[in-house]
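Hello,

Here is the structure I promised to send over. Please have a look at it first, and then read my notes below.

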Amino acid sequence: MAPIPRLRDYKGPALLSYGFRPFFLFGSIYAGLAILAWLPVFHGHLELSTAFAPRDWHVHEMLYGYLPAVITGFLLTAVPNWTGRMPLQGKPLLVLVLVWATGRLAVTMSAWIGWEAAAVLDNAFLLLVAAVMGREIIKGRNWRNLKVLIALGILTIGNIVFHVESHAMGAADYGIRAGIASIMMLIMLIGGRIIPSFTRNWLARENPGRLPDPFGRFDMASLAVAGAAMLAWVAAPHGPATGTVLIVAGLFQAARLSRWAGDRTWRDRLVLILHVAYAFVPLGFILAGLASLGLLPMGAGIHAWTGGAMGVMTLAVMSRASLGHTGRTLVATSATQGLYLLLVLGSAARICAALHPDPSGVLLHVAGVAWSGAFLGFAVIYWSVFTSPRAA
């Protein structure tokens, strides 16, 4: 890995000194507020000026709104470490943030400005991020990370399909599945790098003994199976072939997770939560596989991936990266651990709500309030981390 580059001589607001700061902060705020808005929209008590159907607005703003913000914050922080180049700061970073915010406003107001204009403004962000990442990876000659661009490209195509499909068909299906698949592949690619690495570093220092297995052929095979399963699911989500390959992929991912020595990380919650988050990956595959076989509702697997794997993983990565890159001690405070627990319980409630639909919607509300509480709580607790200069 290339050495961490020194920052440029930057005199502006601390919030714009590194990519993770604005995108983690505003992404978490948006994640919480969007779900608080979704609950009354779901019950018909609030109407948004969007061209999307209510469900599609909710799904879109999770998959193509909040998640790309967090992914961008992570990549803007990781890519300089991968390439040894200087990070994006100041006005260029502010432009990127404003393009993201414009997309969120355009989608929510798309009934006024038209779906075509909303699609252009929304996709401008992902295209700009891909261009920035591509430039840095190519100039840094960090060829092995070009696969990140593939996932970003699939996510961008999925977003375009989402807009077109929603307009033409009245509801997005392929665009939703493509978005889920691309983000899950990113989680499996990047998670498969950082989780064993952070675990190994902590265990070697604090708890000598069994260490995570190094990346090898089994990881490559598990990723290949997962990719095939995702392609099958995007193309044809129902049927015995898709169901079988999804379940096999889930078993591979469960075995992969078991090789990372997560059971030995109980004393470091910042490491442990990464393993907990990744556990939702195989769970989602298996639940989705059973749904493809007609044995369960598909929503259970989808929310294991989205609420569980994506939600918990982003919260885990944001909290750790925010502390580490601002010179603070890598320790999960009681408040941070409370956010983790709240989101894990909320994710479990959302999966249960899909498995056992409740007319009263109690589990749905529990899940929504837990999600919003976790992400808005994160924004409040880490506000000073994002807006203050580096501690050391």
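Let me begin with the contacts, where a contact means heavy atoms within 4.5 Å. Among contacts in the chain between residues at least 6 apart in sequence, 79% join residues at least 24 apart.

Before the rest, a word on what you are looking at. This is a predicted model, in which local features need pLDDT of at least 70 and side-chain atom pairs count only at pLDDT 80 or more, while totals for chains, interfaces and linings use all residues. Residues are numbered from 1 along each chain as its sequence is written, and side-chain values use heavy atoms, with hydrogens and water left out.

**The chain as a whole**

The chain has 14 helices and 0 strands (DSSP runs numbered from the N terminus: H or I of at least four residues for helices, E of at least two for strands). Its radius of gyration is 20 Å, close to the 21 Å that the globule rule gives for 392 residues, so the chain is as compact as a globular protein of that length. That radius is taken over C-alpha atoms, and the rule is 2.2 Å times the number of residues to the power 0.38. Along the principal axes, the C-alpha atoms fill a box of roughly 50 × 50 × 40 Å.

Of the 392 residues, 54% count as buried (under 20% relative accessible area, with exposed over 50% and partly exposed in between; 1.4 Å probe, protein chains only).

The expected span is 1.5 Å times one less than the number of residues. Buried residues in helix 8 include Asp219, Leu223, Met230 and Trp233. What covers the buried residues of this helix includes helix 7 (174–206), helix 9 (240–258), helix 10 (269–292) and helix 11 (298–324).

Helix 11 itself is mostly covered, with 24 of its 27 residues buried. From first C-alpha to last, helix 11 reaches 38 Å, close to the 39 Å expected at 1.5 Å a residue.

**One residue**

Ser110 sits in helix 4 (residues 110–113). Is Ser110 buried or exposed? Ser110 is buried, with a relative accessible area of 5%. Leaving aside neighbours within four places in sequence, Ser110 is in contact with Ser49, Thr50, Ala51, Phe52, Trp115 and Ala118.

Best wishes
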